[in-house]
Structure formats: C-alpha cells, structure tokens
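Open the structure in your viewer and keep the selection panel at hand. The stops below say what to select next.

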Amino acid sequence: MAFLPQKFLFSALVSILCFAFEVSSYRRVYTPPNVTPLTSSFPRVPIDRGFSKSFGASNIQYLNNGSMATLALNKTSGSGLVSQGRYYYGFFSSAIKLPAGLSSGVVVAFYLSNADKFPHNHDEIDIELLGHDRRNDWVIQTNLYSNGSVSTGREEKFYLWFDPAKEHHYYSILWNSYHTVFLVDNIPVREFIHSNSYPSIFPSKPMSVYATIWDASDWATHGGKSPVNYNYAPFVASFTEMELSGCVVSDPSETSSSSSSSTTTTCSKSSSSTSGLDPANGPEFSKLSQQQIAAMDWARRKLMFYSYCNDKPRYKVMPPECH
Ligand SMILES: *[C@@H]1O[C@H](CO)[C@@H](O)[C@H](O)[C@H]1NC(C)=O
Ligand SMILES: *[C@@H]1O[C@H](CO)[C@@H](O)[C@H](O)[C@H]1NC(C)=O
Ligand SMILES: *[C@@H]1O[C@H](CO)[C@@H](O)[C@H](O)[C@H]1NC(C)=O
C-alpha cells in the first residue's frame with residue numbers, strides 16, 4: 001500500500017515533465033473557441049480522383065485507397081498536386097500534417113490560382129505554411145492577388161495555436177461572391193470582404209486548386225536568411241480529408257474536339273446547402289456567424305503578427321480596403 005501513492009506521484013511527475021517538454025518544444029499552445037465546423041458541410045473527395053500530379057511525381061504517394069497523399073521535398077525536387085477541375089467559387093479544404101523537425105526555407109502550400117491561364121492578369125488565394133528554424137515555430141501566411149497585381153501582396157501572417165507537425169489540422173478557403181475567408185481548424189483567421197466599390201482587388205475568375213511542397217529558401221524564413229538544410233530531407237507533408245466543393249468551369253477551348261467558345265459550369269451539391277446549385281455561394285455562406293466572428297477576433301488578437309494593413313513603411317497610401 002505504501003508505495004502506491006509514490007508510484008502515482010512518480011507517474012504524475014513524468015506526465016508533468018512530458019507536458020512541459022511538449023509545451024516548450026512548441027511555444028504557442030492554446031485552446032481555441034468552439035465553432036460550428038464548416039468542413040462538415042461539404043463532402044470529402046478522394047485525392048487521386050480530385051487531383052492530378054502537377055510536378056515531382058516521383059515524390060508523391062497516394063495512400064489509404066487515395067484518401068491521403070504524401071508530398072515530399074528532397075534535393076532533387078519538390079512536388080505538387082493540381083485539381084482536375086477549375087472552380088468558380090467554392091469551399092476548398094485539406095487536413096495537413098507538416099514535416100517534423102527543422103524545416104527552414106520549406107513551404108507547404110494549399111492555394112488557388114489561374115496563373116497558367118491568365119499569365120498577365122492572374123488571381124490567387126494562398127495559404128502558405130512557412131517552415132521554421134531552431135528558435136521559431138511554423139508560420140501561416142495568407143495572401144490574395146487579384147487580376148495580376150503581383151506588386152500588391154495582401155499578406156497576413158499568424159502563429160498557429162498547436163504543433164502542426166504532430167497531427168493533421170484543417171486549412172480551408174471559402175471563396176464566393178461575398179468574401180474570401182481563410183480558416184484553420186474551422187476558426188476563421190481572416191475575412192476579405194468583396195466590395196463592389198473596389199472590384200479589381202478580389203479574385204473573380206475561375207481558379208485551380210493546388211497542394212504543393214517546395215524550396216523557398218530565398219524568402220520563406222527570416223526573409224531568406226535560413227535556407228533549406230537538406231541534411232534533414234526528405235521533408236514530407238501529408239494531405240487528407242480533401243474537400244473541393246464548388247462550380248467546375250469547363251472551357252471548350254481547352255479541349256481540342258470542340259469548336260464552341262461558350263463555357264459550361266457544373267456545380268457540385270453540398271450536404272447542407274439550402275441554396276440549390278452553387279454549394280458555397282448561398283446566403284448561409286454570405287457572412288460569418290457571430291460565433292465565427294468572435295473566434296476570428298480571438299485568433300487575430302492572439303496570433304496575428306503581420307498585416308499589410310498595418311505596414312506603414314511599405315505603403316505611402318494604404319490600400320482602400322484597409323480603411
Ligand atoms: C476506394 O475508393 C474508391 C473511390 O475512389 C471506392 O469506390 C472504393 O470503394 C474504395 N475502396 C475501399 C476498399 O475503400
Ligand atoms: C528524391 O526522391 C526521389 C523519389 O523518391 C528519388 O528518386 C531521388 O533520388 C531523391 N533525391 C535525392 C537527392 O535523394
Ligand atoms: C482585369 O485585367 C484586365 C486586363 O488587364 C482588364 O481588362 C479588366 O478590366 C480587369 N478586371 C478588373 C475587374 O479590374
């Protein structure tokens with residue numbers, strides 16, 4: 001009997017030490033507010049059906065019957081997937097687990113772009129996870145480009161409230177006619193409202209969805225001061241629980257067999273949408289709920305450390321949406 005409490009004390013001490021180690025190895029661990037998960041409103045798609053390999057094919061593996069993919073970066077190549085469809089609005093999401101260990105210079109990205117189709121006036125909506133060095137944590141950078149304005153990045157950067165290399169977490173983009181919303185584990189971290197008073201600054205042409213890992217030694221970590229260290233390669237990111245719910249635009253000019261110039265749009269159905277055809281553009285997705293707004297305030301207050309709207313040295317005149 002006498003040693004039982006001691007044994008209990010010992011195991012308690014071990015747990016406390018382990019917990020302290022976890023916390024100190026990843027500095028920012030917070031409990032986020034509860035939100036109704038947007039990811040539950042849309043169906044999952046098998047990755048090997050929704051996507052094709054766009055580069056570094058030998059560094060991509062499909063697992064679990066195509067429901068999961070690992071993308072690796074090694075000294076030979078990064079790797080990337082591109083959606084088979086081109087979307088005009090939609091909800092796009094993936095659960096992602098980032099490479100463990102030091103990963104400075106590595107970027108894992110989940111984004112929308114049409115640069116292949118509109119090289120001079122492309123649109124882009126980015127979630128970029130920027131690797132870290134010994135002293136820092138992974139950073140999530142969100143960005144938007146509209147109609148070719150690559151000179152006007154609209155970056156916002158956040159720390160995460162969990163260790164993103166330990167488990168899969170959801171990274172999602174809602175893009176519809178009302179707004180673009182970036183979400184992490186269903187917590188909106190950023191909402192970019194589409195105002196008709198400045199239509200040229202929000203993405204408004206069909207885009208493809210990309211999931212990639214690549215070497216961004218020249219900028220990702222400390223503005224390029226910490227390049228990728230290939231002693232730690234391969235860097236492997238895992239993607240699963242993909243959701244691509246939107247309206248797929250098919251342009252007959254892309255298929256040689258057709259001479260018609262009209263585009264056709266096919267919208268997938270979402271399980272909860274009450275808006276009929278367009279799964280992510282109905283009234284229920286037109287604005288954030290009070291609960292989502294409160295969660296977004298939490299994330300921005302606690303974890304945002306850069307917004308272009310606060311970058312006075314960079315802009316002589318602040319972009320209009322910052323006011
Ligand atoms: C594998 O995935 C396909 C759809 O991509 C599905 O039809 C099939 O039932 C799955 N097989 C198993 C064993 O889960
Ligand atoms: C990178 O990975 C690919 C696929 O596994 C392999 O063929 C190649 O040799 C690797 N390169 C290096 C430098 O390890
Ligand atoms: C986008 O750019 C094209 C070509 O530069 C221009 O014709 C068009 O008006 C622009 N669209 C918007 C919404 O600004």
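## Whole chain

Among contacts in the protein chain between residues at least 6 apart in sequence, 68% join residues at least 24 apart; contact means heavy atoms within 4.5 Å. This is a predicted model, where local features need pLDDT of at least 70, side-chain atom pairs count only at pLDDT 80 or more, and totals for chains, interfaces and linings use all residues. Residues are numbered from 1 along each chain as its sequence is written, chains are lettered from A and ligands numbered from 1 in the order in which they are written, and side-chain values use heavy atoms, with hydrogens and water left out.

Select the protein chain. It holds three helices and 16 strands. These are DSSP runs, numbered from the N terminus: helices are H or I with at least four residues, strands E with at least two. Of the 323 residues, 50% are buried (under 20% relative accessible area, 1.4 Å probe, protein chains only).

## The sheet

Now select β1, β4, β13, β6, β7, β8, β9 and β16. In that order, these eight strands form an open sheet with antiparallel pairing. Two strands pair if DSSP finds at least two bridges between them. Neighbouring strands are turned by 15° against each other on average, direction ignored. Axes here are lines fitted to C-alpha atoms, for helices over the stretch in contact, and angles run from 0 to 180 degrees between N-to-C directions.

Zoom in on β6 (residues 106-113) and β13 (residues 208-215). Eight bridges join this antiparallel pair. Pick V108: its bridge partner in β13 is I213.

Next, select helix α3 (residues 290-303). It lies across β9 (156-159) and β16, at about 85° to β9.

## H169

Move to strand β10 (residues 169-175) and pick H169. Is H169 buried or exposed? H169 is buried, with a relative accessible area of 11%. Its side chain makes a polar contact (a pair of N or O atoms within 3.5 Å, one able to donate a hydrogen and the other to accept it) with the side chain of D185, at 2.6 Å. Beyond neighbours within four places in sequence, the contacts of H169 include F162, D163 and P164.

## Ligand 2

Last stop: ligand 2. Show S58, N59, N74, K75 and T76 around it (a heavy atom within 4 Å). An oxygen atom of ligand 2 is 2.3 Å from a side-chain N or O atom of N74. A nitrogen atom of ligand 2 lies 2.6 Å from a polar side-chain atom of T76.
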